[in-house]
Amino acid sequence: MAERFPRLAAGWELVEDALREVRAHPLRSVLTLSGIVFGAASLVSMTSLARAMKEMAYRDLESIGFPRSYVVWDRGPRSDAQRAVDLRHPGLRLADLEALRHMPGVSSVHGRNPGTEMVVSAPAGQRLARVEGVDAGYLEVRQFPIAAGRSLRALDVMRVSRVAVVGTLLQSDLFGAADPVGRTITIDGVRFLVVGTVAPPSFEIAPIDFDFAARRIYVPYTYLTRYRDGQGRLSGVLVTADTATEFGRVLQAGTMLVRQRHGGAEDFEIENEAADVQEDLAMADGILAGWNVVMYAIAGVTLVVGGIGLFSVLLISVRERVREIGIRKALGADDGAIRRLFLAESLTLAFLGAVVGIGGGAGLILITEFISRQFGRSFAIAIHPPGVALAIVFAVIVGLVFGWYPARRAAKLDPIEAIAGV
Amino acid sequence: MAALIAARGLTKTYRLGQVDVPALRGVDTTVDAGEFVAIVGPSGSGKSTLMHILGCLDTATAGSYHLDGEDVSRFAGKRLAQVRNRKVGFVFQTFNLMPRLNVEENVALPLKYRGGVPRSERRERARALLERLGLSHRIGHRPDELSGGERQRVAIARALVGSPAILMADEPTGNLDSHAGAEVLATIEELHRDGHTIVMVTHDADVAARAQRTIHIADGRVVA
């Protein structure tokens, strides 16, 4: 192999020479490297951490389906409507929901009724609570976990059963210490059977408060819809796309479909949850970008400080090896060969520092994961490859920049004076 | 046949502050291929300067110098380094071996600066020379594990590994006891018998007497 790639072989020999020097001064080499090690370690761990946090936050939002969903709300004619077409109000109907369900790229559709605050009477007390009308599967799509009993089922919705799922944060107010499942409550004077309780969703990291989800009472939307708006009508349809990438198309197609079915009337409104999420994510990105700038600055300064350490040690190395340089020149080494010798040493040291630093960064990540486990959260932080690449590139640049002057100085030595050891 | 070394009017002047200090004042000398020549003179006579110029470590201020048919007095930098590498083998008074390299690596070192000689071939040539000089058993040792005489013979092997036209020895026995010195001189004489051209600088008349011919230097001139 060496015969086929002579330049590669010569380069490798330079690295071997450099490693020999590194081994000859282990302590000095370690001290020289420390700055670059810390710089690389912080670069790798911080970029990985930032990336992992962003991904976890996104996963949190993704888990409740927000980046993939929108709601079509029945709104009625606009207050300034005058033309006949604008004044028409066919309203959202179950047929609209079925039509939306059969669009390509749609994962699920759920009827919804935002509900209102109603008086709820229960064994342990009476209070005002938000009663929301939902479809079967809605709590599951939103990842609101059922704490006890069961969720609302398709049959409940179809039969307009008077069953309710109560949020866990209402539980003690309404039932005290007793088990709510199987009890009867009255909502606006109508008796409902409590079939289950629902807890707020838990997130890995996203700083979103979803406790309100557990302060509501969920009943079949068909009950509220009939109760409020009359048979066959819906207040809203939640549409969830298969993937976030298909979302845009599904949103557009759904809007057009409903408009077409309503004969061109704009009697509905789209609540784009995905766009809200994107806005939140963009804000998070902005914060992360600021954080990244600070981090890169710190890592950069550390690496430059490391480079200065490298620089001074290389100057010492050149001074120590003046005689050796003279001998090498007497044996036929030209200035370039001497320069390469010291640049290789500088680059090798810097690269070693980067490699050790990347290992150190991985160690910091493991420690972070360990600490997160102690707090009951299992962060899985992947090493961010661009951070690793950046650490290596940065270290190589530092090695070249700070190795250049000592190498040049070594190359310029006069062989006779150098052999004499002047 | 053309002389291997042909120097005409070599002058070297060092500038110390405002003063010009002449080290060589017009040296003419020739050395034929296969000769064993000693350059002798008291310290400060300019013999070391002459050897540095003949060995292409330094260039003359004036005069011409032909080495193996090439006018090297006009060479500098990379070209001069290549002349040193290909034409000249140096042996120093203080051996000047690389302390961190073993014997074989030390001997092979000049071939590294020739370019294009693969490592296996460099190793091969170093081993062959060490065998010829009776140092095969020392191949893996570091210089500080060798005796003075052995170190100088390793240095001679290193000087010869590139098959130079000329072997330059600067006080090769200066740092050795008489026994080791005799051994090294015997090696040099043997190389001469094998056809090598040798230029040796010494201030020791007994050592100089081993050479075929002596060039005496005093005050920067050839006096005999």
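Buried area is the accessible area, taken with a 1.4 Å probe, that two parts lose on being put together, summed over both. I start with that term because the structure above, which is a predicted model, has two chains whose buried area is about 2,300 Å². Of the area buried between chain A and chain B, carbon and sulfur atoms give 56%.

Let me stay with this interface for a moment. In terms of residues, 23 from chain A are in contact with 25 from chain B. Which three residues supply more than any other three of the area that chain A buries against chain B? They are Glu13(A), Leu331(A) and Ile416(A), and together they supply 28% of that area.

One residue to look for here is Arg20(A), which you will find in helix α1 of chain A, the helix that runs over residues 6-24. Leaving out residues up to four places away in sequence, Arg20(A) touches Arg100(B), Leu101(B) and Glu105(B). With Glu105(B), Arg20(A) forms a salt bridge, in which the closest N and O atoms are 3.7 Å apart. Within chain A, the C-alpha atom of Arg20(A) is separated by 9.5 Å from that of Glu345(A), although these two residues are 325 residues apart along the chain.

A second salt bridge lies inside chain A, where Arg216(A) pairs with Glu132(A) and the closest N and O atoms are 2.7 Å apart.

Now to the helices. Two packed helices are described by the angle between their axes and the distance between the axes.

In chain B, helix α5 (residues 148-160) and helix α6 (residues 178-193) have axes that come within 9 Å and cross at roughly 25°. Because angles under 35 degrees count as roughly parallel, α5(B) is roughly parallel to α6(B). Their crossing is right-handed. Among the residues that make the contact are Ile156(B) and Leu160(B) of α5(B), together with Val184(B) and Ile188(B) of α6(B). By class, the contact of α5(B) with α6(B) has six nonpolar, three polar and two charged residues.

Helix α5(B) also packs against helix α3 of chain B, residues 103-112, at an angle of about 35° and with the axes 7 Å apart. Here too we have a right-handed crossing, of α3(B) past α5(B). On the α3(B) side the residues are Val103(B), Asn106(B), Val107(B) and Pro110(B), and they meet Val154(B), Ala157(B) and Arg158(B) in α5(B). That contact of α3(B) with α5(B) divides into five nonpolar residues, one polar and one charged.

My last pair is in chain A, where the axes of helix α11 (residues 322-330) and helix α12 (residues 335-374) come within 10 Å and cross at roughly 140°. Is α11(A) roughly antiparallel or oblique to α12(A)? Roughly antiparallel would need an angle over 145 degrees, and so α11(A) is oblique to α12(A). The crossing of α11(A) and α12(A) is right-handed. From α11(A) the contact takes in Glu324(A), Ile325(A), Arg328(A) and Lys329(A), and from α12(A) it takes in Asp335(A), Ile338(A), Leu341(A) and Phe342(A). When the residues of the contact of α11(A) with α12(A) are sorted by class, there are four nonpolar, no polar and four charged.

Conventions
Residues are numbered from 1 along each chain as its sequence is written. Chains are lettered from A and ligands numbered from 1 in the order in which they are written. This is a predicted model: local features need pLDDT of at least 70, side-chain atom pairs count only at pLDDT 80 or more; totals for chains, interfaces and linings use all residues. Side-chain values use heavy atoms; hydrogens and water are left out. Axes are lines fitted to C-alpha atoms, for helices over the stretch in contact, and angles run from 0 to 180 degrees between N-to-C directions. Helices (H or I, at least four residues) and strands (E, at least two) are DSSP runs, numbered from the N terminus. Angles under 35 degrees count as roughly parallel, over 145 as roughly antiparallel, 65 to 115 as roughly perpendicular and the rest as oblique. A crossing is left-handed if the near helix is turned anticlockwise from the far one by less than a right angle, and right-handed if clockwise. Contact means heavy atoms within 4.5 Å. Ala, Val, Leu, Ile, Met, Phe, Trp, Tyr, Cys and Pro count as nonpolar, Asp, Glu, Lys and Arg as charged, and the others, Gly among them, as polar. A salt bridge is a side-chain nitrogen of Lys or Arg within 4 Å of a carboxyl oxygen of Asp or Glu.
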